[in-house]
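Reader: I am new to this structure and would like to go through it step by step. Could you show it to me, please?

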Amino acid sequence: MKTDDIKAIIKFAVENEVEAYEFYIGATNKVKDDYLKETFQELAEEELKHKKFLEEFLVSNIDEIKLHQTNDYKIAETIDKPKLTVEMKFADAIGLAIKNEEEAMEMYKNLADICIDEEQKKLFLGLMEMEKMHKAKLEEIYVNVAYAEVW
């Protein structure tokens, strides 16, 4: 795969991380609950870390993102995507974040599926795994808050 192709893919991924960061910062400013504000702020900071990782990857001359396989709890498939509101509940806010990560994961999976270049496919699958890690982390939080009565 050409270096220019790798750079274009990573730059695209960086833009997605910036959009996710902007979403979480916007959400931080829209919700009233202090704990929810803090959670969205933390999610925004995570997106900046992902952006930094991708930017470092961009200059590393490596052509494959290698990550440990992450469990997919499939919780995202059982919830609807709530709308961002000023009064939203914490579980709904985490559900919204989960759905956003799921959409990013699916986008990278679909791009990998249509790739005819095996190296590009590996890169998109690596990005998909990165989004799956985000989703799994949020799903763990969701289970703990949405089903607190189980504890």
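Predicted model: local features only at pLDDT ≥ 70, side-chain atom pairs only at ≥ 80, totals over all residues.

Reader: How many helices and strands does the protein chain have?

Author: The protein chain contains four helices and zero strands. Read from the N terminus on, its elements follow the order α-α-α-α.

Reader: And what percentage of the residues is buried?

Author: Of the 151 residues in the protein chain, 40% are buried.

Reader: Which residues have the most contacts inside the largest nonpolar core?

Author: They are Tyr24, Leu36, Phe40, Ile98 and Leu138, in a core of 20 residues. Two or more residues of this core come from each of H1, H2, helix H3 (90–114) and helix H4 (118–146).

Reader: Which element gives the largest share of this core?

Author: That is H3, with six residues.

Reader: Moving on to Tyr142, where is its place, and is it buried or exposed?

Author: Tyr142 is in helix H4. Its relative accessible area is 11%, so Tyr142 counts as buried, the cut-off for buried being under 20%.

Reader: How far apart are Tyr142 and Ile94?

Author: In sequence, 48 residues separate Tyr142 and Ile94, while in space their C-alpha atoms are 6.0 Å apart.

Reader: Now the charges. How many salt bridges are there?

Author: The count comes to 10 salt bridges. One of them joins Glu87 and Lys32, whose closest N and O atoms are 3.0 Å apart.

Reader: Which residue does Lys81 form a salt bridge with?

Author: Its partner is Glu103, and the closest N and O atoms of the pair are 3.2 Å apart. This pair links distant parts of the chain, as Lys81 is in the loop between H2 and H3 and Glu103 is in helix H3, 22 residues apart. Lys81 is partly exposed, with a relative accessible area of 39%, and Glu103 is partly exposed at 42%.

Reader: Which residues do shared partners join into one network?

Author: Salt bridges with shared partners bring Glu46, Lys49 and Lys137 into one network.

Reader: Where do Lys52 and Glu56 lie, then?

Author: Both residues are in helix H2, four residues apart, which is about one turn of the helix. Glu56 is partly exposed, with a relative accessible area of 44%.

Reader: Last topic, the surface. Which residues form the negative patch?

Author: The negative surface patch consists of Asp33, Asp34, Glu38, Glu42 and Glu45.

Reader: Where is Asp33 found?

Author: Asp33 is in the loop between helix H1 (3–30) and helix H2 (34–58).

Reader: Why does Asp33 count as partly exposed?

Author: Asp33 counts as partly exposed because its relative accessible area is 42%, and that class lies between the cut-offs of under 20% for buried and over 50% for exposed.

Conventions:
Residues numbered from 1 in each chain as written. Heavy atoms only, no water. Patch = residues over 30% accessible without salt bridge, like charges linked within 9 Å, V, L, I, M, F, W, Y side chains within 5 Å. Areas by Shrake-Rupley, 256 points an atom, 1.4 Å probe, with all protein chains shown as cover. Salt bridge = Lys/Arg side-chain N within 4 Å of Asp/Glu carboxyl O. Lys, Arg positive; Asp, Glu negative; His and termini not counted. Charge placed at Lys NZ, Arg CZ, Asp CG, Glu CD. Buried < 20%, exposed > 50% of the residue type's maximum accessible area, 1.4 Å probe, protein only. Core = buried A, V, L, I, M, F, W, Y, C linked by side-chain atoms within 4.5 Å.
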